[in-house]
Amino acid sequence: TWTAPVGIYPTEVFPAGLQYQVTYRTLQNLSDVQTQTTNETILQINLSQNDVYIYSIAASIFNSNFGQTAVSTFATGTEDTTATTINSTAITVSFRQLQYCSADVTVQYDLAYAGVELDTTVRNVVFNITNQTTSGGSCEPQSVDLTGLEEYVNYMISLSVTITELGVNDLLIAEVMNETFQAVSAAPQNLTSENITSTSFCVTFIPPTNNTQNGQITSYTVTYQGELFNTTEYNTNVSVSSVVYPLTESSIVCLSDLEEYNNYDVSIRANNGAGEGDAATITVRTLQAVSTEPLSLASENITSISFCVTFDPPSNITQNGQITSYTVTYQGELFNTTEYNTNVSVSSVVYPLTESSIVCLSDLEEYNNYDVSIRANNGA
């Protein structure tokens with residue numbers, strides 16, 4: 001196909017009555033074939049396979065002499081060129097040689113390739129073929145592996161030939177495109193914690209950069225595990241849409257029903273068609289909450305005006321923080337019913353050589369019932 005020639009002025013097109021003379025031949029056949037048409041297109045059939053054709057087209061008006069010619073070179077058989085993805089970083093390009101492989105000429109092939117959006121630097125593979133045929137006399141099919149490519153990138157691949165002896169220079173004979181496979185993603189970035197309570201917190205993060213996602217991220221796998229107690233490992237899979245942080249480029253995952261005052265190791269992986277990616281990790285500690293009550297209260301060393309109370313601290317899992325002191329409240333039932341409160345440090349109530357603690361009360365009324373309560377205090 002071609003367009004009509006332009007007249008003297010840029011917008012002037014030649015009127016009806018325009019005729020074209022089309023002349024073509026192959027590189028090695030010096031006999032020209034000519035045909036004439038009034039259309040700006042010509043259908044060529046029964047051409048030689050995997051060959052190079054030189055076309056010259058000239059125009060005349062109302063059967064006058066034909067004017068200047070436009071010359072172009074084309075190749076047949078380019079539909080035999082294919083690009084097959086091997087893995088996430090390699091593509092094989094296969095093609096059939098031009099039929100000049102058996103001639104006394106050197107055919108130089110140039111494969112140029114570049115990513116469409118990423119990895120856009122143009123790279124080339126250049127190689128020469130001389131006098132190479134199969135036993136049947138036809139030209140050997142060729143294949144070239146393009147390696148070191150980026151994961152999950154569309155590559156535009158062009159195949160050109162140069163045959164110096166026949167005057168062909170950098171003739172584009174085929175263009176194909178294919179995409180490398182997905183590979184596991186790099187880790188999310190910039191993990192930070194926020195909205196921390198005694199039983200929940202949120203982790204914000206930024207998705208992997210576009211050139212390290214290596215595919216289409218479909219979800220995130222969040223794994224979390226307590227360090228100090230309740231060390232069961234939990235996994236949850238969250239969709240991309242559910243973790244989008246409003247009005248920012250960050251994402252957010254919130255975890256709940258956690259243990260109070262526990263360190264949690266959190267890892268987040270981005271998932272694409274190749275599976276789970278690399279993990280980014282953060283450790284977050286939930287806040288303190290009020291402790292449960294001390295255990296195993298018992299009395300000892302009782303006199304008419306004093307006694308001691310021994311007790312065990314709350315279990316580690318129910319202290320819900322760092323116990324700093326105990327509040328001891330006591331009140332007589334029968335007389336002198338004033339309620340007294342005293343705050344004692346943890347170190348002062350440690351019972352020697354045992355895991356129990358002890359509080360001793362004095363200056364009491366003789367033969368009176370005393371109600372004693374003990375509370376553990378922490379940061380909450």
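Leaving aside its neighbours within four places in sequence, which residues is T37 in contact with? Here are my notes, with that one picked up in point 2.

1. First, what you're looking at. This is a predicted model, where local features need pLDDT of at least 70 and side-chain atom pairs count only at pLDDT 80 or more, while totals for chains, interfaces and linings use all residues. Residues are numbered from 1 along each chain as its sequence is written, and side-chain values use heavy atoms, with hydrogens and water left out.

2. Back to T37. Its contacts (heavy atoms within 4.5 Å), leaving aside neighbours within four places in sequence, are W2, Q19 and Y20. T37 sits in strand 2, residues 33-37. Strands here are DSSP runs of E, at least two residues long, numbered from the N terminus. T37 counts as buried because its relative accessibility is 15%; buried means under 20% relative accessible area, exposed over 50%, and partly exposed in between, using a 1.4 Å probe and protein chains only. A polar atom of the T37 side chain also lies 3.1 Å from the backbone nitrogen of N39.

3. As background, in soluble globular proteins nonpolar side chains tend to be buried together.

4. Strands count as paired if DSSP finds at least two bridges between them. Strand 10 runs antiparallel to strand 7, with 8 bridges joining them, and D110 has S160 of strand 10 as its bridge partner. Strand 10 is also antiparallel to strand 11, through 9 bridges, with V161 opposite L171 in strand 11. The hairpin of strand 10 and strand 11 has 4 residues between the strands, and G167 there takes a positive phi near 75 degrees.

5. How many disulfides does the structure hold? There are 2, where a disulfide is a pair of cysteine sulfur atoms within 2.5 Å. In one, the sulfur atoms of C202 and C254 are 2.0 Å apart. This pair links distant parts of the chain, C202 in strand 13 (residues 201-206) and C254 in strand 16 (residues 251-255), 52 residues apart. The link is right-handed, with 100 degrees about the S-S bond. C202 is buried, at a relative accessible area of 7%.

6. The other disulfide joins C308 and C360, with sulfur atoms 1.9 Å apart. Here too the pair links distant parts of the chain: C308 is in strand 20 (residues 307-312) and C360 in strand 23 (residues 357-361), 52 residues apart. The torsion about the S-S bond is about 100 degrees, so this disulfide is right-handed. C308 is buried as well, with a relative accessible area of 6%.

7. Have a look at S219, in strand 14 (residues 219-226). Is S219 buried or exposed? It is buried, because its relative accessible area is 10%. Its side chain makes a polar contact of 3.2 Å with the side chain of N237. (A polar contact is a pair of N or O atoms within 3.5 Å; within protein, one must be able to donate a hydrogen and the other to accept it, and residues adjacent in sequence count only if both atoms are side-chain atoms.) Leaving aside neighbours within four places in sequence, its contacts include V238, V240, R269 and N271.

8. Last, the open sheet of 3 strands, in the order 22-21-24 with antiparallel pairing. Strand 22 (339-345) and strand 24 (370-377) are at the edges with a single partner strand each, so one side of each is left without a neighbour in the sheet. Strand 21 (residues 325-332) pairs with strand 24 over 8 bridges, and T327 stands opposite R375 in strand 24. S345, in strand 22, is partly exposed, at a relative accessible area of 33%.
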